[in-house]
Amino acid sequence: MMSSSQQHPAITDLCQHLLSTTSKRIPLPVAAIRVLLSTIRRSHAETMMGLQAELREASDMMVDFAKRGGPVEVDADDGNGKSIKYLLANRSHTALTSGTHLFLKYVTRASLETPDFTLCKSQVLERGTKFAEFSLAARDRIASTACNFIREGSTILTHGRSSVVEALLLRAATVEKKRFKVIVLEGRPDAGGAKSAKTYDAAGIPTVLILDSAMGYIAERTRIDMVLVGAEGVAENGGVVNKVGTFALGIAAKELGVPFYVAAESYKFTRMFPLNNADLPEISSEEDGGFNGIKFLDTLAWSGDGGGKKNEGEVANTGKSLEKYEVDLPKSVVVENPPCDFTPAKYITLLFTDLGVLTPSAVSDELIRLYQ
């Protein structure tokens, strides 16, 4: 990992966006587009070719950073020295790649339409800023459109943590005053689903949190009206890349005849054409920084012993309280922790996007329009 003195300005900018606590969670592609806009502002290039080279370099640096899990140096929790924090652990770089490719295509098109370099640079900055603002509002447009699909008294099964899915369900409950129940898969290993469950409960939505491994059991035993998930990326063939477990959930939904909906912004549409999970881009492994390393705990035994609760006046040391419940695996056991999987189009009923409600087969047409 680069030291702070060697870090590329694009990475510094991206980290500032990802670590910002003064605004809502900024979608990764929008953050990347903002970084590229900053690259243009500080550029000393005198030709469009030179500017495009700087933008490609910044884009490549961000993608490489994302592939490694987004490692940054932060102050250690105990206040002694530094530790490594992975800002993009268990995230696919597909969405970031899609956003940067779309912006670079726009810059190329602008250079062809406006030969004058100074004027072209000014127009790219102006339109690019508007595009970033328009993209930020995408989740609200999706929520407004897709609310019509949520019926009164329905039960919705969802997986992982998605800003778009949260916006949609919160709008349905708080703005349109619809009554429905949400069943959320926990979302191991980052507990994304559990975090979303807190959000839904705070909004007054009846919420049930279940283990990931119980998805088939719950889907068959409970009357599920729809499955609703987000996406890290939407492939040209209409399939989606999303948190691992989405593929299995899609298979279960199709087997049980439950509609499977995906909510995703159009800037996540990507010109990749995977046929199965073997075709997904390689994702960094433990050798590339260790952010994929996870521990396996006997949480049932831990809960039975009090679950790390502290008595009045005591300060709990969670790390030590969990140590004896960790499964001590031999080194010969290989641990795999894929962050995402690919769900083919045949398992997807519809996609809720800021371009409207689409069938999976319509994605390729929209990509052609986006990249024209």
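Colleague: Which residues do ring pairs link into a cluster here?
Modeller: Ring pairs join Phe149, Tyr261 and Phe352 into a cluster, and please keep in mind that the model is a predicted one.

Colleague: How many aromatic pairs does the count come to?
Modeller: The count comes to five aromatic pairs, going by the rule used for pairing rings. One of them is formed by phenylalanine 103 and tyrosine 106, whose ring centres are 6.4 Å apart and whose planes meet at 50°, so this pair is classed as tilted.

Colleague: Where do phenylalanine 103 and tyrosine 106 lie?
Modeller: Both belong to helix H4, which covers residues 94-113, and they are three residues apart, which is about one turn of the helix.

Colleague: And are those two buried or exposed?
Modeller: Phenylalanine 103 is buried, and tyrosine 106 is buried as well.

Colleague: What about phenylalanine 247 and tyrosine 347, how are their rings placed?
Modeller: Their ring centres are 5.9 Å apart with the planes at 65°, and because planes over 60 degrees apart count as edge-to-face, the pair of phenylalanine 247 and tyrosine 347 is described as edge-to-face.

Colleague: Which parts does that pair tie together?
Modeller: Phenylalanine 247 sits in helix H10 (residues 246-256), while tyrosine 347 is in the loop between strand E10 (340-343) and strand E11 (350-353), so the contact ties together parts that are 100 residues apart in sequence. Phenylalanine 247 has a relative accessibility of 24% and therefore counts as partly exposed, whereas tyrosine 347, with a relative accessible area of 16%, is buried.

Colleague: Which ring does arginine 141 lie over?
Modeller: Arginine 141 lies over the face of phenylalanine 134, at 3.8 Å from the ring centre.

Colleague: Changing topic to sheets, what is the order of the strands in the open sheet of three?
Modeller: The order is E7-E8-E10, and the pairing is antiparallel. Strand E7 (233-234) and E10 are the edge strands, each of them pairing on one side only.

Colleague: How many bridges join E7 to E8?
Modeller: Two bridges join E7 to strand E8, which spans residues 240-243, and these strands run antiparallel. Valine 234 stands opposite valine 240 in E8.

Methods:
Residues are numbered from 1 along each chain as its sequence is written. This is a predicted model: local features need pLDDT of at least 70, side-chain atom pairs count only at pLDDT 80 or more; totals for chains, interfaces and linings use all residues. Side-chain values use heavy atoms; hydrogens and water are left out. Rings of Phe, Tyr and Trp (its six-membered ring) pair if their centres lie within 6.5 Å; planes under 30 degrees apart count as stacked, over 60 as edge-to-face and the rest as tilted. Helices (H or I, at least four residues) and strands (E, at least two) are DSSP runs, numbered from the N terminus. Buried means under 20% relative accessible area, exposed over 50%, partly exposed in between (1.4 Å probe, protein chains only). A charge sits over a ring if NZ of Lys or CZ of Arg is within 6 Å of the ring centre and within 35 degrees of the ring normal. Two strands pair if DSSP finds at least two bridges between them.
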